[in-house]
Amino acid sequence: MSQQEYNFSDIAPYDDSEFHSKMENLVKEPGFLHAVNFTMPPSDVPALIDELLKIKTKDDFQQQVMFPFLEMLAKTTTSGITLGGVKYLNPSMSYTFITNHRDIVLDASFLNLAFLRKGFPTSEVAIGNNLLIFDWINDLVRLNKSFIVKRNTGLREGLEAAKKLSAYIHYCILEKRESVWIAQREGRAKDSSDHTQESLIKMLSIAGQGQFIDKLKEINLMPVSISYEFDPNDYLKVREFLLKRRDPDFKKSQRDDLFSMETGLLQFKGKVHFQLTPRINSKLDQIGDFTDNNKAAKHVGCLIDQAIHRSYEIFEINYIAFDILHQTDRFARKYTPEKKEEILAYFNKQLDKVDLTDITTEERDYMWEMMLTMYANPLRNKLRSLLGGME
């Protein structure tokens with residue numbers, strides 16, 4: 001089935017022709033109004049609604065509403081957002097930006113903010129339907145240039161959804177001339193050790209022309225490395241590690257996901273850096289064609305991982321966590337004793353937020369180790385990548 005034979009209306013961002021009617025419905029939704037009232041003074045809400053109803057296109061919505069909102073969020077919850085590797089972007093081309101995954105909502109949003117600041121077009125954003133808990137969230141994200149990744153389906157439905165998703169991404173790049181953003185894996189790496197899922201690479205290669213490698217080349221895969229100085233969800237991830245240790249069958253609730261989203265959005269993240277890297281087409285040319293697509297997908301995943309790992313921005317907290325975890329002073333020159341004490345206090349303060357009863361000393365030690373691991377892994381992976389497997 002070619003891209004032209006698919007009807008993408010159930011997964012694509014809303015067309016500008018239906019933007020106004022979808023927005024009219026959204027501003028009447030009690031859930032949407034509750035969320036807006038949570039983020040701004042209630043007295044300002046009527047003016048916002050008037051502004052929303054005057055907007056006619058997704059691009060205008062991003063420029064007039066999302067741009068200032070994200071700037072406000074960046075100002076209040078970060079120490080600054082920076083973008084490197086802009087020289088690798090050709091404004092006349094469209095890309096598939098594939099990134100590591102740190103924050104459920106902000107990875108793609110802050111990357112698009114960095115693009116808006118530079119005058120570059122924003123990308124369409126892949127978002128899992130598991131996060132679209134309410135209909136109004138589905139409408140909001142599709143008004144904001146997001147497309148839907150259908151998850152938790154049966155085997156046959158899952159295969160059809162993957163074919164359609166692949167076709168849509170190829171259609172975006174080749175015909176709509178829109179860039180897309182997609183995370184390198186489903187869900188975030190809880191221990192911050194980022195690795196590309198082979199199934200994602202296989203999905204991207206379903207649509208398109210030619211052999212496996214040709215299909216990937218036509219969507220211009222560009223790895224992007226995302227580095228947050230502080231992860232507001234670090235203590236929630238450690239809490240989940242402990243709950244899974246106590247009960248291997250533990251699964252987070254919908255409420256847990258919502259709280260993670262809220263925490264990631266509103267709490268302090270320190271410095272945030274996005275590093276663009278060259279698209280991997282020339283490296284795909286070098287490896288030629290594999291007869292085994294499983295091996296090919298694994299190899300492509302390694303190329304993406306290598307680009308992301310090498311491009312991490314390493315902060316003092318990462319050096320400190322690595323040295324404490326490995327009982328070394330290898331990176332002591334990268335931080336002061338005072339900074340080390342400050343970070344130790346931060347780790348303890350975050351662990352104190354874990355709201356579980358009867359935490360034993362041994363469990364506290366386990367959580368401490370997982371917290372250190374989470375902050376040490378970006379440096380560990382960077383060292384492995386730069387030193388060819390050596391630490």
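I started with L52: setting aside neighbours within four places in sequence, I find this residue in contact with M23, V27, F32, F61 and V65. The model is a predicted one, and my entries below should be read that way.

**Cores**

I then looked up where L52 belongs. It is among the residues with the most contacts inside the largest nonpolar core, together with I169, V300, F347 and Y375. I note 94 residues for this core. Helix α16, residues 361-386, contributes the most to it, giving ten residues. I also looked for a core apart from this one and found a second, separate core of 28 residues, which includes L73, F115, W181 and A183. Nonpolar side chains in soluble globular proteins tend to be buried together.

**Salt bridges**

How many salt bridges are there? My count comes to 21.

I took R151 and E186 to begin with. They form a salt bridge in which the closest N and O atoms are 3.7 Å apart. I place R151 in the loop between β4 (146-149) and α7 (155-176), and E186 in the loop between β5 (180-183) and α8 (198-204), so this pair ties together parts that are 35 residues apart in sequence. R151 has a relative accessible area of 22% and is partly exposed. E186 is also partly exposed, at 42%.

My next pair was K244 and E240, whose side chains meet in a salt bridge at 3.5 Å, N to O. Both residues sit in helix α10 (residues 234-246), four residues apart, about one turn of the helix. Are they buried or exposed? I have K244 as partly exposed, at 40% relative accessibility. E240 is buried, because its relative accessible area of 9% is under the 20% cut-off.

The last pair I checked was E316 and K339, with a salt bridge between their side chains at 3.9 Å, N to O. E316 lies in helix α14 (residues 316-325) and K339 in helix α15 (residues 337-352), so the bridge ties together parts 23 residues apart in sequence. E316 is partly exposed, with a relative accessible area of 31%. K339, at 16% relative accessibility, counts as buried.

Terms used:
Residues numbered from 1 in each chain as written. Predicted model: local features only at pLDDT ≥ 70, side-chain atom pairs only at ≥ 80, totals over all residues. Heavy atoms only, no water. Core = buried A, V, L, I, M, F, W, Y, C linked by side-chain atoms within 4.5 Å. Buried < 20%, exposed > 50% of the residue type's maximum accessible area, 1.4 Å probe, protein only. Helix = DSSP H or I, 4+ residues; strand = E, 2+ residues; numbered from the N terminus. Contact = heavy atoms within 4.5 Å. Salt bridge = Lys/Arg side-chain N within 4 Å of Asp/Glu carboxyl O.
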